[in-house]
Amino acid sequence: MPTSYGISPARIGLPQIVAVGFRRINKMLQQVAPEFAGQATVEVLDVGFEEAVARVKALHAVRPIDVVVAAGSNGGYLRQHLDMPVVLVKVGGFDLMQALTRAKRLSSRVGLVTYEGMAPDMAPFSELFELAVEQRAYRTEDEALSCVQALKDLGVTVLVGSGMVADLADQMGLTGVFLYSSDAVREALNDAVEVARASRIELAKRERLNTILAQLSDGVIAVDQQERIQTLNPAMAQLLGVLPAQWLGRRLSDLSADLSLQSTLRLGTQELEKIERVKGKALIVNRMPIVEQGVLTGAVLSCQDPISIQRVDRHIRTRIKPNAPGTRYQLDQFLGQSDAIERIRQLARRCARSQATVLLVGESGTGKELIAQGIHMASDRRDLPFVAVNCAAVSESLLESELFGYEEGAFTGARRGGKIGLFEAAHKGTIFLDEVGEMPVSLQTRLLRVLQEREVLRVGAIEPTPVNVRVIAATHRDLMAHVERGLFRLDLFYRLNILRIDMPPLRERLDDLLPIALALHRQVCARLKIDVDRTRPLIDALVEQAAPYDWPGNVRELENIVERMMAYAETAQLRMTREAAITFVQTTAPELFSPVPVSASPPLKARQAETERADILRVLAECGGDRALASERLGISRTTLWRKLKP
């Protein structure tokens with residue numbers, strides 16, 4: 001009957017050890033096993049060979065067995081037939097000396113019979129004990145019997161060996177001396193405990209890794225040096241349409257030549273993002289060697305389904321593109337040759353070297369977003385996100401959640417899992433707040449806190465999220481006038497108005513009209529596939545006829561007119577005289593010749609002039625009345641400054 005020592009097997013925290021042996025070794029195992037009660041659960045079985053294999057497997061089906069301990073041929077047999085660690089009771093030199101000493105006391109004719117591979121070099125012992133020892137080795141019980149009979153025929157009267165050999169010697173009328181000692185059994189059990197602990201640590205690591213791999217959407221296969229599959233996660237099984245149990249332990253190349261890792265194992269090099277067709281399905285495959293302490297120990301293969309990648313890409317573009325377009329412009333693309341434009345470019349480059357907030361002030365269509373993108377692209381944040389939001393284009397209720405994000409359940413209809421805000425999306429990059437003057441006062445307080453504390457509190461959240469973001473704001477409003485009317489916070493104005501660039505309107509830099517119109521002309525012609533040279537007379541006529549025009553819509557209005565002319569020119573006679581070109585311009589762009597631009601009524605124009613005059617007076621006051629300095633800051637000539645200050 002099996003004997004159990006130590007604590008209950010239900011306590012899976014301790015290693016589970018089964019010691020197998022019959023006859024004399026079994027008795028010694030039962031004597032030593034209680035010493036390990038606090039270290040392991042040791043169960044001793046009085047069986048051997050086939051029966052021992054069956055009993056161990058039956059126990060393992062009920063509770064996992066960590067290690068098996070056995071001796072001699074029994075241990076060798078168990079190693080061949082069990083898929084678990086088997087620790088052998090080893091015979092040490094001291095054990096052999098003790099056994100030979102006992103044998104010499106009994107007879108001068110001594111034989112030594114050991115299991116194959118355990119026989120020591122007897123020369124030193126023979127010399128020490130002045131004893132001639134006849135030595136034999138066996139693999140099976142039948143061979144052991146033959147060895148004992150042969151030694152008996154030679155006149156040997158005392159045999160030293162395993163329990164089976166000693167019992168056979170006694171049965172044949174000889175004297176059997178048991179080779180193993182309690183110390184050897186004790187050492188074997190100690191080794192078993194350490195093997196079990198190491199095995200459990202390794203098993204815990206493997207289970208943790210398998211848990212991680214099971215959560216991956218990528219398919220993963222890991223193989224050993226012989227390309228036998230050690231790990232195959234559920235995602236890979238699903239991609240291949242197989243059961244993991246059918247593939248584990250088998251060579252990958254035998255199962256799928258398309259996924260072979262033989263080249264990776266042979267060369268130790270990686271292959272990334274290869275397109276392979278496996279079972280009629282296209283997969284993106286990565287092959288990488290596994291190197292541990294400088295030694296190649298295996299390889300790993302990961303697979304991705306292109307359809308899943310496309311789905312994620314669509315999801316990202318759907319969520320981010322409307323609110324966070326990528327940068328398209330650099331400062332050199334801000335067209336113009338006037339002194340005012342060159343000064344704007346210089347100021348923008350200086351702003352790019354700083355991390356301070358930038359305020360861009362100018363009429364609609366003067367290129368504020370282009371300058372914002374140019375500053376970002378010229379800064380050390382160029383490779384990080386540029387997120388733009390128009391504060392006037394989103395309702396107050398949506399703007400808060402768009403800018404700052406929200407937690408799950410923050411309000412009815414909130415997305416499961418919450419949503420990241422644009423400030424968090426721009427982390428380490430730049431956020432462009434266009435039309436910041438239109439931001440509701442209730443949200444200005446939250447924006448002020450972001451600028452002061454560099455942290456964002458999502459709607460419905462308790463803990464703030466730190467953000468590292470550069471803010472560039474833009475407005476066409478007179479923010480100081482808004483402050484006086486209570487529409488804009490003064491402290492927020494000072495937080496925004498650190499680095500400031502005043503964008504000059506197109507009417508103050510008419511010298512730039514032709515180069516801008518030509519650049520827009522080239523872009524439109526390329527898009528509409530129109531010949532640039534044949535339509536050039538239309539641009540010359542446009543610039544000539546538009547000299548007196550105030551361009552209230554600035555460059556955006558110019559772009560719209562060029563687009564309109566080129567669209568109409570597709571069906572017009574393109575080779576036309578100067579007079580015909582002028583007539584074409586007058587027909588397609590009648591607003592250029594109206595006494596008052598169609599986009600501005602007299603009262604509106606008067607208010608714009610009043611606002612502009614107030615801005616000039618403010619800058620002049622800040623410059624201590626120095627008109628040259630004020631002109632330079634405003635980006636206009638002294639003559640234009642004088643003209644705009646006239647009553």
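This is a predicted model: local features need pLDDT of at least 70, side-chain atom pairs count only at pLDDT 80 or more; totals for chains, interfaces and linings use all residues.

Trainee: How many helices and strands does the protein chain have?
Mentor: There are 27 helices and 21 strands in the chain.

Trainee: And what share of the residues is buried?
Mentor: Of the 647 residues, 46% are buried. The chain exposes about 33200 Å², and carbon and sulfur atoms supply 52% of that.

Trainee: What about contacts between residues 24 or more positions apart?
Mentor: Looking at contacts with a separation of 6 or more, those pairs account for 64%.

Trainee: Switching topic: is helix α3 mostly covered or mostly open?
Mentor: Mostly covered. Helix α3 spans residues 72-81, and seven of its ten residues are buried.

Trainee: Which ones?
Mentor: Gly72, Ser73, Asn74, Gly75, Gly76, Tyr77 and Leu78.

Trainee: Now the pair. At what angle do α22 and α24 pack?
Mentor: At about 65 degrees, with their axes 8 Å apart. Helix α22 covers residues 532-545, and helix α24 covers residues 578-588. The two are therefore roughly perpendicular to each other.

Trainee: Is that crossing left-handed or right-handed?
Mentor: The crossing of α22 and α24 is right-handed.

Trainee: Which residues meet there?
Mentor: From α22 you have Pro537, Leu538, Ala541, Leu542, Glu544 and Gln545. They meet Arg578, Ala581, Ile582, Phe584, Val585 and Gln586 in α24.

Trainee: How many of those are nonpolar, polar or charged?
Mentor: That contact has eight nonpolar residues, two polar and two charged.

Key
Residues are numbered from 1 along each chain as its sequence is written. Side-chain values use heavy atoms; hydrogens and water are left out. Helices (H or I, at least four residues) and strands (E, at least two) are DSSP runs, numbered from the N terminus. Buried means under 20% relative accessible area, exposed over 50%, partly exposed in between (1.4 Å probe, protein chains only). Contact means heavy atoms within 4.5 Å. Accessible areas come from the Shrake-Rupley method with a 1.4 Å probe; for residues, only the protein chains shown count as cover. Axes are lines fitted to C-alpha atoms, for helices over the stretch in contact, and angles run from 0 to 180 degrees between N-to-C directions. Angles under 35 degrees count as roughly parallel, over 145 as roughly antiparallel, 65 to 115 as roughly perpendicular and the rest as oblique. A crossing is left-handed if the near helix is turned anticlockwise from the far one by less than a right angle, and right-handed if clockwise. Ala, Val, Leu, Ile, Met, Phe, Trp, Tyr, Cys and Pro count as nonpolar, Asp, Glu, Lys and Arg as charged, and the others, Gly among them, as polar.
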